Structure formats: structure tokens, C-alpha cells
Amino acid sequence: MKSDTEIIVRYAETDQMKVVHHSVYPIWFEAARTDYMEKAGYPYSRIEKEGVMLPLSRLECDFREGAKYGDIVLIKTSIKKFSPVRIELKYKAYRKSDGALLAEGETLHAWTDENLKIINLKKRLPDLYKLLENEVEKQS
């Protein structure tokens, strides 16, 4: 599954050059990741309620073009890699009006318990593991 998340650029997200500040993209990636899990049928709130956390261990972002106030940004999110102990997602941010690629990035997360100790998701939440495994198979 690939998830599409739309974000309207707010004035506060732009810098003196009138383009979206680079620090905003990780926030948008988080919103897109949250939306992805919701659309997959296993929202973050449920994951956390079941005692599993997904801390970020790596973030990469390559910037291509600048978005401006009022632009609608479409972020396409998909799973890049998946294992019982981690998940890596990729993101592509496009300006909706012309399809221009604005940025692309990746985040790497570990599956942990509430004390941030790495867990085996396949053993801890087998339903979530199976759901994500199926999502990866669908992408292939």
C-alpha cells in the first residue's frame, strides 16, 4: 500500500525566502506516517495502547524544489524495508498543482516496548506484523 497524504502549506511553515523551511519536512513525514498506519488499519494510538513504541533512529531528506504558502503538498508514503525489529519508510513530497517533486526522504524506526527496549514485533503484536508484511507484499 502507498498512502497519499495532503498538506496545505501554512504561512508559519515558510522562511524569509518564502519557501517551506527544511525543518518542516520531518514533521510532514511524521504526519504522513501516522496517516499511513491509520489507512492500513492499525493506528498509532492502538499500537501505543498495546505497549509498543516506534522511535525514530534515522531521518534522511533530499530537497528538490521549494513549496510556498498555499501550495497543496502530496506526500506518498510506503514501506521500504520491514523486519520484526524495525521498519523503514520512504516518502516523496510533490506539489499537487504541477506534480513537481519537492523532496524525498526516509525514516528508520525500531519497534520497542514502553521502556524503549527493542522488541520482536512478530512475537509481541503478530496481527500488526502480519498486516505490515502483507502491505510489503502488495508493494512488490
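Predicted model: local features only at pLDDT ≥ 70, side-chain atom pairs only at ≥ 80, totals over all residues.
Let's start with the strands. Five of them form an open sheet, and reading across, the order is β1-β3-β4-β5-β2, with antiparallel pairing. Which strands stand at the edges? They are β1 (3-8) and β2, and each has a single partner strand, so one side of each is left without a neighbour in the sheet. On average, neighbouring strands are turned by 20° against each other if you ignore direction.

β1 and β3 (residues 72-82) run antiparallel and are joined by six bridges. To find one spot on the model, look for I8, whose bridge partner in β3 is I72.

**Two helices on the strands**

Now for the helices. α1 lies across β1, β2, β3, β4 (86-95) and β5, while α4 lies across β3 and β4.

| Pair | Angle |
|---|---|
| α1 and β1 | about 135° |
| α4 and β3 | about 105° |
| α1 and α4 | about 100° |

Two packed helices are described by the angle between their axes and the distance between the axes. For α1 (residues 25-40) and α4 (residues 126-139), the axes are 11 Å apart and the angle is about 100°. Angles of 65 to 115 degrees count as roughly perpendicular, and α1 and α4 are therefore roughly perpendicular to each other.

Which residues make the contact? From α1 come Y36, M37 and A40, and from α4 come L128, L131, L132, E135 and Q139. Sorted by class, the residues of this contact are six nonpolar, one polar and one charged.

**The largest pocket**

Helix α1 turns up again here. The largest pocket has a volume of about 160 Å³. Its lining is made up of P26, I27, F29, E30, R33, T34, Y44, L54, L56, L59, T107 and H109. Which element gives the most to this lining? That's α1, with six residues. The elements that give two or more residues are α1, β2 (56-63) and β5 (101-110). As for the kinds of residue, the lining has seven nonpolar, three polar and two charged ones.

How values were computed:
Residues numbered from 1 in each chain as written. Heavy atoms only, no water. Axes fitted to C-alpha atoms, helices over the stretch in contact; angles between N-to-C directions. Helix = DSSP H or I, 4+ residues; strand = E, 2+ residues; numbered from the N terminus. Parallel < 35°, antiparallel > 145°, perpendicular 65-115°, else oblique. Contact = heavy atoms within 4.5 Å. Nonpolar A, V, L, I, M, F, W, Y, C, P; charged D, E, K, R; others polar. 1 Å grid on protein atoms, 1.4 Å probe; cavity = no way out; pocket = protein on both sides within 12 Å on 5 of 7 lines; lining within 4 Å. Points joined across faces, edges and corners; volume = space filled by probe spheres on them. Pairing = 2+ DSSP bridges.
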